[in-house]
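Me: Could you go through this structure with me, one region at a time? I'll ask as we go.

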Amino acid sequence: MVLADLTAGAVQDAETRASSRPLAEVERAAAAQAPARDALAALAPAERVRIIAEVKRASPSRGDLAAIPDPALQALLYQQGGASAISVLTEGRRFKGSLADLEAVRAAVSVPVLRKDFIATEYQVIEARAAGADLVLLIVAALDDSVLTRLHALTLELGMTPLVETHSADEVDRAADVGARLIGVNARDLSTFELDRDLFGRLVERIPADAVKIAESAVLTPADVTHYRRAGADVVLIGEALVTGDPVTTMAAFLEAGDSRGAREETL
């Protein structure tokens, strides 16, 4: 199972970091950080779709995507293009990211920053805050209910916002049960890496009305953004299409495609 392997590797890498940077030290660094930015406000439903733009060098399914020698510059271009938040891949084995990338991005931009990784321990959540993260990704399929509940609560306790990722009706229900206010539906099955762009539309009605609805993956063209917007997405998370093209012009096209008026016109 790919997801299980990715999570196990990420936990092992965190344990290695913990051997040289003990939890108490990380907790002090987290406490010294400026307060986390309000991601719920930044991603609240609006007339135009919100975009979380991702700093992503590689993936297990696609291999190398872009070198991104300066992740802070990449994130600044996203912000200039209108991104409401920045996602930073910090997993190093398959995605070639790092916490240093997150720190650089957080210092450069004024919008909220998401730590996107395979998080399954308290240490990983606390080191996310120590690095300046405003949001933390929690993948329901990788966590049992007790761990999901514990990590969700810890994320909130540290002042951050959990983005709870799902891929099935049962997982959406589990996200709702822990009180998640940001719920993502990932079109990519992290066990098989198969894509289903229509999955969001099938699951969106199960997401609580007071939660922000986020569509993830399978976005390569403006038409994909329009598709998700018409299905009810408040936010779309985009990675590959932004790192392989011009970030500013690509962002502009995606935002235009996610304008509610334009999406409505397509249905007429």
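Me: Which residues touch the most other members of the largest nonpolar core?
Reply: This is a predicted model, and in its largest nonpolar core, which has 65 residues, I86, Y228 and I238 touch the most other members. The element that gives the most to this core is helix α6, residues 122-130, with 5 residues.

Me: And what does I238 touch, leaving out residues up to four places away in sequence?
Reply: With those left out, I238 touches I51, I52, A53 and E54, and also V219, V225 and F254.

Me: Why would residues three or four places apart point the same way in an α-helix?
Reply: Because an α-helix has 3.6 residues a turn, residues at that spacing point the same way.

Me: Switching to the strands, is β6 largely enclosed or open?
Reply: Strand β6, residues 135-139, has 5 of its 5 residues buried, so it is largely enclosed by the rest of the structure. Both of its faces are covered, with L135, L137 and I139 buried on one side and V136 and L138 buried on the other. In a regular strand the side chains alternate between the two faces of the sheet.

Me: Which strands does β6 pair with, and in what sense?
Reply: Strand β5, residues 113-116, runs parallel to β6 and is joined to it by 2 bridges, and R115 has V136 as its bridge partner in β6. The chain crosses from β5 through α6 to β6, and this β-α-β crossover is right-handed. Strand β7, residues 161-166, also pairs with β6 in the parallel sense, over 5 bridges, and the bridge partner of L137 in β7 is L163.

Me: What about the unit made by β6, α7 and β7, is it right-handed or left-handed?
Reply: The β-α-β unit made by β6, helix α7 (residues 145-157) and β7 is right-handed.

Me: Now the loops. Where is R57, and is it buried or exposed?
Reply: R57 is found in the loop between β1 and β2 (58-59), and it counts as buried because its relative accessibility is 15%, where the cut-off for buried is under 20%.

Me: What polar contacts does the side chain of R57 make?
Reply: The side chains of R57 and D101 are joined by a polar contact of 2.5 Å, and a polar atom of the R57 side chain lies 2.9 Å from the backbone oxygen of K96. Not counting residues up to four places away in sequence, R57 touches a list of residues that includes G63, D64, L65, P71, F95 and G97.

Me: Where does K96 sit, and what is its phi?
Reply: K96 is in the loop between β4 and α5, and its phi is near 60 degrees, a positive value in a residue other than glycine. At 41% relative accessibility, K96 counts as partly exposed.

Me: What is the phi of S217, and where is it found?
Reply: The phi of S217 is near 75 degrees, a positive value in a residue other than glycine, and S217 is found in the loop between β9 (212-216) and α10 (222-231).

Me: Last one: what does R94 touch, again leaving out residues up to four places away in sequence?
Reply: R94, found in the loop between β4 (85-89) and α5 (99-108), touches L6, A58, S59 and P60 on that count. R94 and S59 are 35 residues apart along the chain, and their C-alpha atoms are separated by 5.9 Å. R94 counts as partly exposed, at 41% relative accessibility.

Note on methods
Residues are numbered from 1 along each chain as its sequence is written. This is a predicted model: local features need pLDDT of at least 70, side-chain atom pairs count only at pLDDT 80 or more; totals for chains, interfaces and linings use all residues. Side-chain values use heavy atoms; hydrogens and water are left out. A nonpolar core is a set of buried Ala, Val, Leu, Ile, Met, Phe, Trp, Tyr and Cys residues joined through side-chain atoms within 4.5 Å. Buried means under 20% relative accessible area, exposed over 50%, partly exposed in between (1.4 Å probe, protein chains only). Helices (H or I, at least four residues) and strands (E, at least two) are DSSP runs, numbered from the N terminus. Contact means heavy atoms within 4.5 Å. Two strands pair if DSSP finds at least two bridges between them. A crossover is right-handed if, with the strands pointing away from the viewer, the path from the first strand over the helix to the second runs clockwise. A polar contact is a pair of N or O atoms within 3.5 Å; within protein, one must be able to donate a hydrogen and the other to accept it, and residues adjacent in sequence count only if both atoms are side-chain atoms.
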